[in-house]
Amino acid sequence: MQPEDKIVILTGAGISAESGLATFRDDGGLWAQHRIEDVATPEAFARDPVLVHRFYSMRRTQAAAAEPNPAHVALARLQRDWPGEVVIVTQNVDGLHERAGATALHMHGELSRALCAACGHRWDAPSEMTPETTCPACAQVSARPDIVWFGEMPYHMDEIEAHLADCAVFAAIGTSGQVWPAAGFVREAARAGAETVEMNLERSEVSRAFDTVRIGPAGRVVPAWVDGILTAGTGGTTGGAP
Ligand code: OAD
């Protein structure tokens, strides 16, 4: 790797598991307790806004009480200390990358933000949102969590595609590879010539697309990978045991 090389990192719920936040598809995960079609689609919100707001208010409270773990901290260190650009793209809505001192592109939105379905205004969400929450810009009673639901277009896609097309290293951390378009990022980065590495507790749906797979908890595997890059400039295939 060259010091000016760009590193793109995709994170999923697994990176926050050791902070005590539930993943979606592991045993007992969020989608075992709640049906996607009840809480994570625009149709669900139109049908039962009380239930949907309650689901996201619960998760907002849990995220606010959680602390970043060594994996978040290591990525913030990489972003600060690597001479080239380090782009963190996250599917997570918990804000733990920022709380660790990093910046991230939130492709699935953020729990801490509210969005007005009427005028598009965004603002800091109160800890508990209800169907009575009004938009501070247009005063309509049409506030929703600023979360990308199934059937909606993820945020920042043009910017993300451009980063994937010119990165030297692409890493995916704690994501099951079951949700698109994020599941396809590894192939886009590989097509552009990037070295690719997956870090996950187990093999994901798309493990075969990666050059290297490092199995283990993010809190252990990610700091070792970051150490390898910062000390020897080795992005994926060497530096640190799986
Ligand atoms: P998933 O719950 O689908 O996958 C989490 C992955 O993290 C699994 O492969 C686990 O094995 C792994 N994992 C669990 N604990 C870990 C740990 N301590 N260290 C490392 N890996 C660990 O979550 P995502 O892939 O993030 O979207 O899910 C993607 C999207 O699906 C979410 O953003 C959400 C969900 O539906 C929306 O709500 C729109």
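Is Tyr56 buried or exposed? Tyr56 is buried, with a relative accessible area of 2% (buried means under 20%, exposed over 50% and partly exposed in between, using a 1.4 Å probe and protein chains only). This is a predicted model, where local features need pLDDT of at least 70, side-chain atom pairs count only at pLDDT 80 or more, and totals for chains, interfaces and linings use all residues. Residues are numbered from 1 along each chain as its sequence is written, and side-chain values use heavy atoms, leaving out hydrogens and water.

**Aromatic rings**
- The structure holds 6 aromatic pairs (rings of Phe, Tyr and Trp, its six-membered ring, with centres within 6.5 Å; planes under 30 degrees apart are stacked, over 60 edge-to-face and the rest tilted).
- Phe55 and Tyr56 form an edge-to-face pair, because their planes stand at 80 degrees, with ring centres 4.9 Å apart.
- Phe55 is buried too, with a relative accessible area of 3%.
- Tyr56 and Trp149 make a tilted pair, with centres 6.3 Å apart and planes at 50 degrees.
- Tyr56 sits in helix α4 (residues 49–65) and Trp149 in the loop between β6 (143–147) and α7 (157–165), so this pair ties together parts 93 residues apart in sequence.
- Phe24, Trp31, Phe45, Phe55, Tyr56 and Trp149 form one aromatic cluster.

**Helix α9**
- Helices here are DSSP runs (H or I, at least four residues) and strands likewise (E, at least two), numbered from the N terminus.
- Buried residues of α9 include Trp225, Val226 and Ile229.
- The buried residues of α9 pack against β1 (7–11), α5 (70–81), β7 (169–173), β8 (195–200) and β9 (212–215), where contact means heavy atoms within 4.5 Å.
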